[in-house]
Every structure is written in structure tokens, then in C-alpha cells.
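Dear colleague,

I am handing over the structure below, and after it I set out what was found. Please read the notes beside the structure itself.

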Amino acid sequence: MVCYGAVVACTLLGGQCLKVKFLSKPLFRTIYLLSSSDGTMKLYEFVILFGCLMLFLAQIPSFHSLRHINMVSLFLCIAYSVCATAGSIYIGHSSKGPKKDYSLTGDTQDRVFGVFNAIAIIATTYGNGIIPEIQATVAPPVKGKMFKGLCVCYAVVAVTFFSVAISGYWAFGNQAEGLVLTNFLDNGKPLVPKWFILMTNGFTILQLSAVGVVYLQPTNEVLESTLADPRSKEFSARNVIPRLISRSLSVVIATIIAAMLPFFGDINAVIGAFGFMPLDFILPVVFFNLTFKPSKRSPIFWLNITIAVVFSTLGVIAAVAAVRQIILDAKSYRLFANV
């Protein structure tokens, strides 16, 4: 469920990037005029376009088949993070940049809930390590492989996310969007060269498609373990047809959800509060105590108990904050909103 939620978030973010990419290129404005009476396309239409790309990539047979795509995804992640950081610094020093305002908005209640909402989003960000953890435990040696995988994972996450977050907030202040590339356009006018926006969004779209396909694989494994026939060959009609149908339906459902609920930050917060926080911070320490049964007088036992209690409390509050934020946004937006 957590991985499938990440697929929804990737699909929505991919649609937002496509929208920015189209808005910054005059050729696509001509397409607007030919395809739509008011010369614009809605966000949900871009989400559907990205879903079509996902529909194609989702047919890649297995996790192992994704290893090369995953490597390309790593370089794309670094590339667009460097571009987003450089673009934010350029705009921050430019006279065309927006006026910087770092004041906190909203009343005290909104700020408090906003803090816990942010904690859930951060948990989602660092929860990306779940996939290499799962893969590392498939075959021995578990500890060595997991440690190396997590070191690479969290090194990339820390460098890329913090560089974008710090530079984006410095450049745009409290007007910084959840997708900072959106800030590179001011009322449709680019604040950086158009080719730079196109290139950065291109990197982002390709990387999101790779991430979405990776997170879709656990769902595929669950469905195919039920629908497939292990006695038949992998590419026989008996296995290919159910796989094609189940994977296509998974992508279609994720695309519909992303198009209906276009609140990227809210979705991330919900996934973090209900999924990544328990999986990353609560269940591991609980399972450690249950499996290895350390003495109740030992520091490790009480450290694990403390971590479980603290993050359980944070998880409950973050879940309330995430649901509250969706309710607040639902008052302002409707289904399939063009945000």
C-alpha cells in the first residue's frame, strides 16, 4: 500500500512537470489552440499523459529487469537536483526574482499542524530507503548488502533534497511551491532560460517514470503471485495476458487517483504518516525487541521502546495533521482541479 501510494504521488508530480514543460514552450501553446477552445490544458490531462508513459514502462517484467533503469534514475535525480538548485540560486540573485518573504503564514493552529504535516512529508522522503532494505534481505549476506545500499540511498537523498530545499526557500521564501520548478515561471513568464526549464523538467519526468515503475513492482508481485501459473513459461500467453491486464489496471487506477486529488504535498504527508513512519521508525525497533529479546535492563531495549513510543505519537499527530490539510484543501478545490 505504501509503495502504491508512492506510485500515485509520482504520477501526480510527473503530470505537474509536464504542465510546466508545456507552458514554457511556444510550440505546445499552438497545440493547445488546436486541441482546446480556450487554448489551455488542465492538470488532470497532463497526469493522464504521464500515466500513458507509466503504462508502457510498467510492462517491464521484474525488479531485476529494472536495474539499468534504476541506475539511469540515480543520475537523473542528481542532474535535476543540480539544475533546480542552480536555477533557484540564479533567480535569487536576479532582479527578475520575486520579493523574498520568510515570514510564517497562518495562525498558531495552522503552524502547529503544518509542522507535523512537514514531519510526515520528511518521513516520506527518507522512506525511500525501504526498497533497498527489502531487496537487501532477499539473499545473504543481509547486513553488508543492506548497509551499502542504505549508505548510497541516504547520501543521495540528503544531498539532493537538502540542496533543493535550502536554495528554493532562499530564493522564493514562503512562496516556494511543493514542486519548486513551478516557481521558475512567473505568470507564465520564465525566470530562467526556456531551454533550462525544458531540460530540468525533462530530467524530472524521466526520473519520476523510473521511480514510479520501481515502486509499482511490489504491487505487481502480489497480483502476479495470484494470477500467474508458475508451471508455464514467463512469456507464455498464460502469464503475459494476466500480467498485462493487472499491471495496466494498476497504472490506470493510480492515474485516476492522482488526477482526482491533485494535492502533491498532502498525498506525501498521508503516505508518510500512515506508511513510512510506521515502517521506518516504529516496526523495526519493535521487531528487534521481539526477535532478539534483549534484556529489559539493557539500554538497547529501552532505547527501542522510547523510539517506538515517540514516533508512534508523532505518527498519530502527523496523520491527523495530514487528513486535516486534505480537508482544508478540499474546501478550496474540487475533484480533477487544475492546481
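There are 6 aromatic pairs in the structure, where a pair means rings of Phe, Tyr or Trp (its six-membered ring) with centres within 6.5 Å, called stacked if the planes are under 30 degrees apart, edge-to-face if over 60 and tilted for the rest. One of them is formed by Phe172 and Phe184, whose ring centres are 6.3 Å apart and whose planes stand at 40°, so this pair is tilted. The pair links distant parts of the chain, with Phe172 in helix H7 (residues 142-172) and Phe184, 12 residues apart from it, in the loop between H7 and strand E1 (185-186); helices (H or I, at least four residues) and strands (E, at least two) are DSSP runs, numbered from the N terminus. Phe172 and Phe184 are both buried, a word used for under 20% relative accessible area, while exposed means over 50% and partly exposed lies in between (1.4 Å probe, protein chains only).

Another pair joins Trp195 and Phe196, with ring centres 5.9 Å apart and planes at 80°, so the arrangement is edge-to-face. Trp195 is exposed, at a relative accessible area of 56%, whereas Phe196 has 13% relative accessibility and counts as buried.

Before going on, please keep in mind that this is a predicted model, in which local features need pLDDT of at least 70 and side-chain atom pairs count only at pLDDT 80 or more, while totals for chains, interfaces and linings use all residues. Residues are numbered from 1 along each chain as its sequence is written, and side-chain values use heavy atoms, with hydrogens and water left out.

As for the overall architecture, the protein has 11 helices and 2 strands, which follow one another along the sequence as α-α-α-α-α-α-α-β-β-α-α-α-α. Of its 339 residues, 43% are buried. Among contacts (heavy atoms within 4.5 Å) with a separation of 6 or more, 78% are between residues 24 or more positions apart.

The unreviewed UniProt entry annotates "transmembrane region" at several spans, including residues 72-92 and 192-216; such positions are given in the numbering used here, feature names are shortened, and annotations may be inferred rather than shown by experiment. In the model, residues 72-92 are 100% helix and 0% strand, with their end C-alpha atoms 30 Å apart, and residues 192-216 are 92% helix and 0% strand, with their end C-alpha atoms 34 Å apart.

Where do helix H4 (residues 67-93) and helix H8 (residues 194-227) stand relative to each other? Their axes come within 8 Å and cross at roughly 145°, the axes being lines fitted to C-alpha atoms, for helices over the stretch in contact, with angles from 0 to 180 degrees between N-to-C directions. The residues making this contact include Ser73, Tyr80 and Gly87 of H4 and Phe196, Phe203 and Gln207 of H8. By class, the contact of H4 with H8 has 14 nonpolar, 6 polar and no charged residues, with Ala, Val, Leu, Ile, Met, Phe, Trp, Tyr, Cys and Pro counted as nonpolar, Asp, Glu, Lys and Arg as charged, and the others, Gly among them, as polar.

Two single residues remain. Glu224 lies in helix H8 and, at 15% relative accessibility, counts as buried; leaving aside residues up to four places away in sequence, Glu224 touches Arg243, Ser246 and Arg247. Lys293, in the loop between helix H10 (264-292) and helix H11 (299-332), has a positive phi of about 45° although it is not a glycine, and counts as exposed at 63% relative accessibility.

With kind regards
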